[in-house]
Amino acid sequence: MIRVVIADDEAPARLKLTRWFGMQADVLVVGEAADGLAAVQALDSQRPDLLLLDIRMPGLSGIELAAQLDPAIAPLLVFITAYDEYAVTAFELAALDYLLKPFDNARLAKMLDRVRARLRSGASAESAVHVENAVQVAQRLQQARGPLTRLVVPAGEHLQVIAVDAIDWIESDDNYVHLHLAQKRHTLRRPLQELLAQLDPDRFVRIHKSVAVNISAIATLEPLFKGDHEVTLHSGKVLRLSRRFKAGLFTRLGRTVPLAP
Amino acid sequence: MSTHQNKVLQQWPVGLLKPLLAAWGLFWLLMILVAVHDNFGGPVVRWWQPLVWEGSSALVLTALLVIMLRYSRRQQALLATPWRWFWQHLQWLPLLSGLFVLLTYGLRHLAYGLAGLTYEHEGWLMIWAYETLKLALFLGLWLGVLFGLQFFAGWHEQQGRLLAAQRTLAEARLLQLKSQLQPHFLFNTLNTISALIPTDPERADVLVNRLADLLRGYLSLDAATLVPLREEVRLLQHYADIMTSRFAPRVAVRWQLAIAALERSVPPLLLQPLLENAFRHGVEPSLAPVTIDIDARVDDDVLVLRLRNAPAAGGHRAGAATDGNGIGLRNCRERLRAQYGLAASLTTEQQGDAFIVTIRIGASPL
């Protein structure tokens, strides 16, 4: 059985897909989502084989969502759009399947045939490459549209969406990052470098090999020995700014780097 | 002579030249009547003598006026600096008064001579000084009138040009509106219809016809003519019906339309971009259900149109309701200004999570 989740904010659009998939013997629709957040939850709880993802959705767009998926656990992705020339070009370049609204049953059958073929080859290279491509294309599209403003994070059993602005600082831990908010801490399975590439570089700045800070969370800077600085956040947390990253932070704070004594 | 006059007539707005000439005629009629009345029954003065005095003055000054009108037209660029304008005219005063004395007194001498009398007056120098003073006052008065009229004519002309430019802009905007029929809207609507065909063919049929009506309405629009609000509302309702089908149950549209308001005229597609905004920036990015209220009423002979979108109780909006609203609002404002000038206004207001656009259109278009 191919387990499918359908994410589209327009009910008739979902209805059309569930109805058609319902007539396929080897497909089971295990979840429907009317917004990006619900899609994340369905993805989390159902672990589907295939995610049909509309690009324009409230809460979290299809592109924002896909850009944050971990390719290791992501399902096959088929994007749906009514009109988005830029995205369509990107999908075509990466040989991804996508649906242009409106579509007919023949188009859906063709899409499902491809999905079957990819899934039959199991965890073969082709399938993995397809998913990886899809996530990469989404990341590229998202970057072109501007930095991420919302992040999908695990919260206990479930996933939740947080505003990027709410993060005070980010701590790298091997292939994981810990996001420190005023009250909470979330852990994401992504390297710091990769996450920073998707965030606003004028807001999140690296101050240490393993630490990035939200500039608006900084309260004071105190010079230490050897050109290092002590960074105190509004929350009271104290971090260290290493000499190596001093220039980057000072430029963003609109200050010139003081000469070393 | 006639070509000269035509030129003057062409240059002057006809509406202004007529009252100016009428005032001029009336002024001299009064002068003559007063002079005749003052000297009536006097022992020394014959009845026709005041007529000669004032008549000669009127004749000479009318000739001077016509020359002045021509001259003054060339000085129009100076209207913005009144002192220079007056100076340009008044610097001719000594010459004018010399000419005036010569011509007027010549005419009087001629008239008296024909009657076999002698026209007696003070010495020429005295006369010249006296007439110069009188002429200065006289010229001051009439130059004031002339300046006012020309200034008004210039303002009027500029206003007309401005309005024409605004109309052109408004027409361009409408064209842009028509051509920018959102592809997103069109393709998503087709997809909705396609989804409904197997499950609810009747509704699919209704939507196809709504869409066709909407397209026909857009295509047949003409920027120059106003449409009854009833017609504008009909298109709006088609659009709202389609959008509600797509986004139900996330949206509810409520209408409150006074009959008197529906009879009033509005520029075509005035409200359409505002309703599109309400869906695009109010409904589409919202997780919570949104209510859109559209009211039309006539208040003290002013047509008041109000469009309000707000998340249903309990819900709140993810982003600001005004994001990206700008172009639609500016467009709408420009069209109102072009059509109604100051008689119409568009205001926006953020009340908590609710975003409200209010249009007021006064009774008489420009």
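**Note on the predicted two-chain model**

1. E1(A), helix H1 (residues 11–22) of chain A and E2(A) form a β-α-β unit of right-handed type. The model is predicted, and the points below should be read with that in mind.

2. The two strands of this unit are strand E1 (residues 2–7) and strand E2 (residues 27–33) of chain A; they run parallel and are joined by six bridges. One pairing can be given by residue: A:Arg3 has A:Leu28 in E2(A) as its bridge partner. As a general point, side chains in a regular strand alternate between the two faces of the sheet.

3. The helix of the unit, H1(A), has 12 residues. From first C-alpha to last, H1(A) reaches 16 Å, close to the 16 Å expected at 1.5 Å a residue. Which residues of H1(A) are buried? They are A:Pro12, A:Ala13, A:Arg14, A:Lys16, A:Leu17, A:Thr18, A:Trp20 and A:Phe21. In an α-helix, residues three or four places apart point the same way, because there are 3.6 residues a turn.

4. Chain A as a whole contains eight helices and 15 strands. Of its 261 residues, 51% are buried. Taking contacts in chain A between residues at least 6 apart in sequence, 55% join residues at least 24 apart.

5. A:Asp228 deserves a separate entry. Its place is the loop between strand E13 (218–223) and strand E14 (229–233) of chain A. Is A:Asp228 buried or exposed? A:Asp228 counts as buried because its relative accessibility is 14%, and the cut-off for buried is under 20%. Leaving aside residues up to four places away in sequence, A:Asp228 touches A:Glu222, A:Pro223, A:Arg240, A:Leu241, A:Ser242 and A:Arg243.

6. On confidence, the model scores ipTM 0.80 and pTM 0.68. Chain B has a mean pLDDT of 82, and 87% of its residues reach 70 or more. Within chain B, confidence is highest in strand E2 (residues 251–257), at a mean of 96, and lowest in helix H1 (residues 2–11), at 44.

7. Two stretches of chain B call for caution in reading. Over residues 1–10 of chain B the pLDDT stays under 50, and the model has seven contacts for them beyond four places in sequence. Residues 317–323 of chain B also have pLDDT below 50; this stretch has 13 contacts in the model beyond near neighbours in sequence.

Notes: Residues are numbered from 1 along each chain as its sequence is written. Chains are lettered from A and ligands numbered from 1 in the order in which they are written. This is a predicted model: local features need pLDDT of at least 70, side-chain atom pairs count only at pLDDT 80 or more; totals for chains, interfaces and linings use all residues. Side-chain values use heavy atoms; hydrogens and water are left out. pLDDT is the predictor's confidence in each residue, from 0 to 100. Helices (H or I, at least four residues) and strands (E, at least two) are DSSP runs, numbered from the N terminus. Contact means heavy atoms within 4.5 Å. Buried means under 20% relative accessible area, exposed over 50%, partly exposed in between (1.4 Å probe, protein chains only). Two strands pair if DSSP finds at least two bridges between them. A crossover is right-handed if, with the strands pointing away from the viewer, the path from the first strand over the helix to the second runs clockwise. The expected span of a helix is 1.5 Å times one less than its number of residues.
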